[in-house]
Amino acid sequence: MIPQSFKDIVSNVENAGLFQTIAMIIFILFFVVMVYVVINRPKKYYNEEENAPLEKDHEDDKFTL
């Protein structure tokens with residue numbers, strides 16, 4: 001029998017609900033931590049990235065053939 005979906009594969013595993021719950025908790029914790037890290041960075045951290053599209057290229061940075 002070829003499983004048709006991921007649900008068919010996981011449903012045959014013992015304690016599948018527990019593994020799914022743990023995976024969801026890990027994902028949510030990772031997402032919350034990433035949001036916290038990004039929000040709590042000082043604004044000066046992003047100044048270089050903020051102005052990057054507006055800066056002129058230097059002559060030595062250009063690639064020429």
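I take helices as DSSP runs of H or I with at least four residues, numbered from the N terminus. The model I am reading is predicted.

**Entry: fold.** I looked up the secondary structure of the chain and found 3 helices and 0 strands. From the N terminus the order reads α-α-α.

Entry: I checked how much of the chain is buried: 3% of its 65 residues.

**Entry: nonpolar patch.** I then asked which residues form a nonpolar patch on the surface. I listed Met24, Phe27, Ile28, Phe31, Val32, Val35 and Ile39. Together they have about 700 Å² of accessible area. I placed one of them, Phe31, in helix α2, which covers residues 16-39.

**Entry: aromatic rings.** I describe a pair of aromatic rings by the distance of the centres and the angle of the planes. My count of aromatic pairs came to 1. Phe27 and Phe31 form this pair, with 6.5 Å from centre to centre and 20° between the planes. I noted the pair as stacked, because planes under 30 degrees apart count as such. Why are Phe27 and Phe31 separated by about one helical turn? I put it down to sequence spacing, because the two residues are 4 residues apart in helix α2.

**Entry: charge over a ring.** I looked up what sits over the ring of Tyr45 and found the charged end of Arg41. I recorded a distance of 4.4 Å from the ring centre.

Definitions and conventions
Residues are numbered from 1 along each chain as its sequence is written. This is a predicted model: local features need pLDDT of at least 70, side-chain atom pairs count only at pLDDT 80 or more; totals for chains, interfaces and linings use all residues. Side-chain values use heavy atoms; hydrogens and water are left out. Buried means under 20% relative accessible area, exposed over 50%, partly exposed in between (1.4 Å probe, protein chains only). Patches are made of residues with over 30% relative accessible area and no salt bridge: like charges are joined within 9 Å, nonpolar side chains (Val, Leu, Ile, Met, Phe, Trp, Tyr) within 5 Å. Accessible areas come from the Shrake-Rupley method with a 1.4 Å probe; for residues, only the protein chains shown count as cover. A salt bridge is a side-chain nitrogen of Lys or Arg within 4 Å of a carboxyl oxygen of Asp or Glu. Rings of Phe, Tyr and Trp (its six-membered ring) pair if their centres lie within 6.5 Å; planes under 30 degrees apart count as stacked, over 60 as edge-to-face and the rest as tilted. A charge sits over a ring if NZ of Lys or CZ of Arg is within 6 Å of the ring centre and within 35 degrees of the ring normal.
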